[in-house]
Each structure stands twice: as structure tokens, then as C-alpha cells.
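User: I'd like to go through this model with you, one question at a time. Let's start with the terms.

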Amino acid sequence: MVDFSLTEEQKEIRELAKKFAQTEILPLARKFDETHEFPHEIFRKALEIGLLNVNIPAEYGGTGLGLMEEVLINEELGWACSGVAASMEVNNLSNWPILLSGSEETKKKFLPKIVEGWRGAYALSEPEAGSDVAGIQTTAKRDGDSYVINGSKQFITNGSVADFYCVFAYTDKAARYGGMSCFLVERGAKGVRVGKKEDKMGQRASDTVSMHFEDVHIPRANLLGKEGDGFSIAMRVFDRSRPAISAIAVGVARRAMEESIKYATERKAFGKPLYEQQGISFMIADMAINVEAARLLVWRSALMPETGEKCAKEAAIAKAFAADMVMKVTTDAVQVFGGYGYSREYPVEKLMRDAKIFAIYEGTSQIQRVIIARELFRPR
Ligand SMILES: Cc1cc2nc3c(=O)[nH]c(=O)nc-3n(C[C@H](O)[C@H](O)[C@H](O)COP(=O)(O)OP(=O)(O)OC[C@H]3O[C@@H](n4cnc5c(N)ncnc54)[C@H](O)[C@@H]3O)c2cc1C
């Protein structure tokens with residue numbers, strides 16, 4: 001039987017996130033959008049009440065929630081500010097390689113520190129390689145009991161505030177996908193340098209920088225899994241991070257819909273509220289259809305990794321749909337607001353700017369379609 005009802009615990013977690021989003025994030029969202037500052041204080045408070053690093057199991061001091069709870073939280077955080085929500089989600093993202101492939105020793109070394117407040121960043125993309133993951137140039141060479149990492153990473157969320165980085169690098173470039181490995185690099189390691197900060201269109205509360213690794217020596221134990229496991233780690237992480245990021249898009253779209261309902265009720269044209277014009281009420285009805293449909297896809301894709309089922313296609317479908325959906329809904333919200341929608345005094349222009357990135361990061365919407373088509377045409 002398909003059951004869409006949430007447990008009491010899930011409802012409580014969602015309520016906690018909703019209250020946090022309304023009281024701690026929403027009042028500061030505009031400020032962070034304007035100043036492009038990192039929301040340190042929000043991170044501190046989120047850590048305190050258990051809304052950060054929700055995927056770390058209780059045995060390492062974490063809250064040990066599942067992906068379903070993570071997407072419930074992310075929708076609420078995204079409703080208030082998707083830049084803040086994306087930054088917080090990147091902590092979960094950079095925990096996944098450790099959780100999926102770290103040895104017990106590595107888990108015991110890193111996870112308790114993360115629970116205490118360490119921040120992570122996920123360093124896969126490079127200046128010359130985003131969609132084409134196999135095109136990365138970063139290398140990791142064995143040197144006795146160390147690896148030496150050299151290379152540059154591009155568009156790294158949380159890069160300038162992170163305490164550790166999950167860095168993807170080739171241990172054997174000739175082996176292509178099979179020669180990529182994943183390493184944990186601590187911020188303090190000699191040769192780690194934060195580069196240029198991007199001046200972004202949206203999600204400006206999140207920090208996006210280039211990172212440079214110059215002859216960085218790290219302990220051999222910081223290799224996650226075996227040499228050559230990197231590509232498979234990245235793909236297994238995508239199965240989890242795509243639903244999580246798509247939930248933030250659902251939150252942004254739901255907010256745009258709610259703002260549209262409020263405005264269309266208050267604003268009058270031709271002697272009656274805007275919503276009494278069918279052209280407007282249908283636009284808002286379409287928002288509701290899209291938000292609901294995206295949420296269901298996100299929930300389904302969030303439940304799949306825990307069952308062990310193959311779910312790359314379902315994660316890609318949820319991500320592609322949510323990314324297209326949030327752009328359409330936020331663009332229509334600006335339309336509902338008319339000229340005021342285009343003004344920074346009203347909330348919807350920020351939502352529209354914030355929405356664009358969902359079709360780019362965590363794999364572009366074209367790449368999601370490449371994955372979906374590959375699965376549809378895979379010989380059986
Ligand atoms: C704000 C922000 C935050 C980010 N955070 C992170 C992060 O934390 N960690 C990280 O590793 N990366 C991060 N990224 C990088 C992001 O994942 C990449 O930008 C993305 O994967 C696209 O890569 P690219 O920019 O190199 O574009 P390209 O790969 O050069 O693509 C350019 C265009 O070509 C299209 N294209 C490429 N190949 C194909 C194909 N085979 N078929 C059809 N179309 C194709 C793409 O869809 C896109 O439209 C972030 C990016 C941004 C902007």
C-alpha cells in the first residue's frame with residue numbers, strides 16, 4: 001500500500017523546522033541576500049536544536065534521521081531562504097561520502113567533530129569540468145603513508161567556511177571513471193587555499209568559492225573506500241542529495257504560491273480582487289498542481305535509497321521536475337505581482353533569482369535528462 005501520511009515524529013520534526021525557518025531565517029533572508037554574508041549565527045542555532053547534520057547516526061552523536069526527514073526539513077528551510085537552506089544541506093552532502101564509504105576509524109575521527117560544529121564542503125566540480133565529472137584534473141599521488149593532492153575546484157559551496165572538504169581526485173587518470181577517488185582534506189592542511197568568491201544572481205546567503213590544493217599532504221587513512229571508488233561514491237551521494245536539494249526547490253515554490261495567494265486577495269483591479277480574474281486564479285491553481293506533484297516525486301525519491309533499490313532515475317526525475325517547476329512557479333509569482341513583483345521591496349523577485357540555480361547545481365536539468373533517457377533505453 002502507498003501511504004503518504006507522516007509519522008508523529010516526522011510531523012514534529014517538520015514543525016521544528018517550520019518554526020526555525022519562520023523565526024530565525026525569514027527575518028534575515030533579505031539582509032543576507034543584500035550583503036552576501038554567510039549566516040554563521042543561523043548555523044550555530046540550527047546546530048544547537050539538531051537541524052544540522054541530520055544524517056549522522058546517533059552512535060556518533062548525531063540525530064540519525066532518514067532522508068525523508070531531511071527533505072521535510074529542507075522544504076521548510078527553503079521556504080524561508082534557499083541560500084541558507086542550501087548551505088545547511090551541504091553539510092549533509094559532505095557527510096554522505098563518510099557515511100557511505102568511510103572506515104570505522106574515519107567515522108570516529110570526523111563525525112563527532114562535525115556534530116560539534118565542523119562544517120563540510122563537497123569539492124567535485126572544476127573550472128573545466130562540471131557536467132563531465134570524468135573530466136576533472138585534480139590528482140592524488142601516493143607518497144608513503146600520505147597522498148599528495150594537486151588541483152583546483154570551482155563553485156564550492158561553503159568553501160570559505162568549511163573545516164573539511166570531500167575532494168574528488170584521480171589516483172589513476174588512465175582508468176577514467178574507475179580511477180577516481182574521494183578524500184577528506186582538513187582546512188588546516190598546508191597548501192589548501194580558498195580562491196575567488198562568486199558574486200551570484202541568487203542564493204546569495206550561500207558561500208560559493210573556488211578552492212586550490214597545492215601539494216597538500218593528507219594521511220592515507222583519509223581515502224574514503226578504496227582507490228577507484230570515487231565515481232561510485234559521487235553517484236551514490238547524488239541519489240541522496242538530489243531529493244534533498246529538490247525539497248528546497250519545493251519550499252521556494254510553495255512560498256511563491258503563498259505570497260501570490262496573499263497578494264491576489266489584497267490587490268484589486270477592475271473593482272475586484274485579483275484572484276477573481278480567472279487568468280490569475282488559474283495561474284495560482286497551476287502553482288498548487290506543480291508544488292504538490294514535485295513534493296510527491298521528492299518524497300518517493302527520498303524513500304528509495306533506504307530500501308536499497310536502484311534510484312538514480314527517480315532522483316533525476318524529481319530533480320529535473322522540481323527545478324523546472326520552481327522556475328515556472330516563481331516567474332508566475334512575479335507576474336501575479338505585476339510591476340511590484342519586479343521590485344526588491346516585494347519578496348517574489350528574490351524567489352525567482354534563487355530559483356534559477358536548481359537547474360544548474362547537483363547536475364544540470366540536461367544532465368538529469370541524460371540520466372533518465374539512459375535508464376529508459378538501457379538494454380534489458
Ligand atoms: C551556486 C553554485 C553552487 C555549486 N556548488 C557546488 C558544490 O558545492 N560542489 C561542487 O562540486 N560543485 C558545485 N557547483 C557546480 C555545479 O555542480 C556545476 O556548475 C554544474 O554541474 C554544471 O557544470 P558547469 O558549470 O561546468 O557547466 P557545463 O558542464 O560546462 O555545462 C554547460 C551547459 O551545457 C550543458 N551540457 C553539458 N553536457 C551536456 C550533455 N551531455 N547533454 C546536454 N547538455 C549538456 C549543461 O546542461 C549546461 O547547460 C555549484 C555551482 C553553482 C553555480
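Analyst: Gladly! Buried means under 20% relative accessible area, exposed means over 50%, and partly exposed is in between (1.4 Å probe, protein chains only). This is a predicted model, in which local features need pLDDT of at least 70 and side-chain atom pairs count only at pLDDT 80 or more, while totals for chains, interfaces and linings use all residues. Residues are numbered from 1 along each chain as its sequence is written, and side-chain values use heavy atoms, with hydrogens and water left out.

User: Is His36 buried or exposed?

Analyst: His36 sits in the loop between α1 and α2 (40-48); helices (H or I, at least four residues) and strands (E, at least two) are DSSP runs, numbered from the N terminus. Its relative accessible area is 10%, so His36 is buried.

User: What is the phi of His36 near?

Analyst: Most residues other than glycine have a negative phi. His36 is not a glycine, yet its phi is positive, near 65 degrees.

User: Phe270 has a positive phi too. Where is Phe270 placed, and what is its relative accessibility?

Analyst: The phi of Phe270 is near 55 degrees. This residue belongs to the loop between β9 (268-269) and β10 (272-273). Phe270 counts as exposed, because its relative accessibility is 81%.

User: How many salt bridges does a search of the whole structure find?

Analyst: A salt bridge is a side-chain nitrogen of Lys or Arg within 4 Å of a carboxyl oxygen of Asp or Glu. Searching the whole structure this way, the number of salt bridges found is 27.

User: Let's look at Arg255 and Glu259. Why are they separated by about one helical turn?

Analyst: Their side chains form a salt bridge, with 2.9 Å from N to O. Both Arg255 and Glu259 are buried. They are separated by about one helical turn because they lie 4 residues apart in helix α6 (residues 230-266).

User: Which residue meets Glu375 in a salt bridge of 3.9 Å, N to O?

Analyst: The side chain of Glu375 reaches that of Lys310 in this salt bridge. Glu375 lies in helix α10 (residues 365-376) and its partner in the loop between α7 (278-303) and α8 (312-336), so the pair ties together parts that are 65 residues apart in sequence.

User: How far is Glu292 from Asp199 in space, C-alpha to C-alpha?

Analyst: Glu292 lies in helix α7 and counts as partly exposed at 46% relative accessibility. A network of salt bridges links Glu292 with Glu75, Glu76, Arg254, Glu258 and Arg295. Glu292 and Asp199 are 93 residues apart in sequence, and their C-alpha to C-alpha distance in space is 33 Å.

User: The backbone nitrogen of which residue lies 2.6 Å from a polar atom of the side chain of Asp354?

Analyst: Asp354 is found in helix α9 (residues 348-355). Its relative accessible area is 1%, so Asp354 is buried. A polar contact is a pair of N or O atoms within 3.5 Å; within protein, one must be able to donate a hydrogen and the other to accept it, and residues adjacent in sequence count only if both atoms are side-chain atoms. The backbone nitrogen in question belongs to Gln203.

User: Now the ligand. Which elements each supply at least two residues of the shell around the ligand?

Analyst: A residue is near a molecule or strand if one of its heavy atoms lies within 4 Å of it. Of the 18 residues around the ligand, Ser125, Ser131, Phe155, Thr364 and Gln366 come nearest. The elements that each supply at least two residues of the shell are β3 (146-157) and α10.

User: How much of the ligand's accessible area does the protein cover?

Analyst: Oxygen atoms of the ligand lie 3.0 Å from a backbone N or O atom of Leu124 and 2.6 Å from a side-chain N or O atom of Thr364. Accessible areas come from the Shrake-Rupley method with a 1.4 Å probe; for residues, only the protein chains shown count as cover. Of the 960 Å² that the ligand has on its own, the protein covers 64%.
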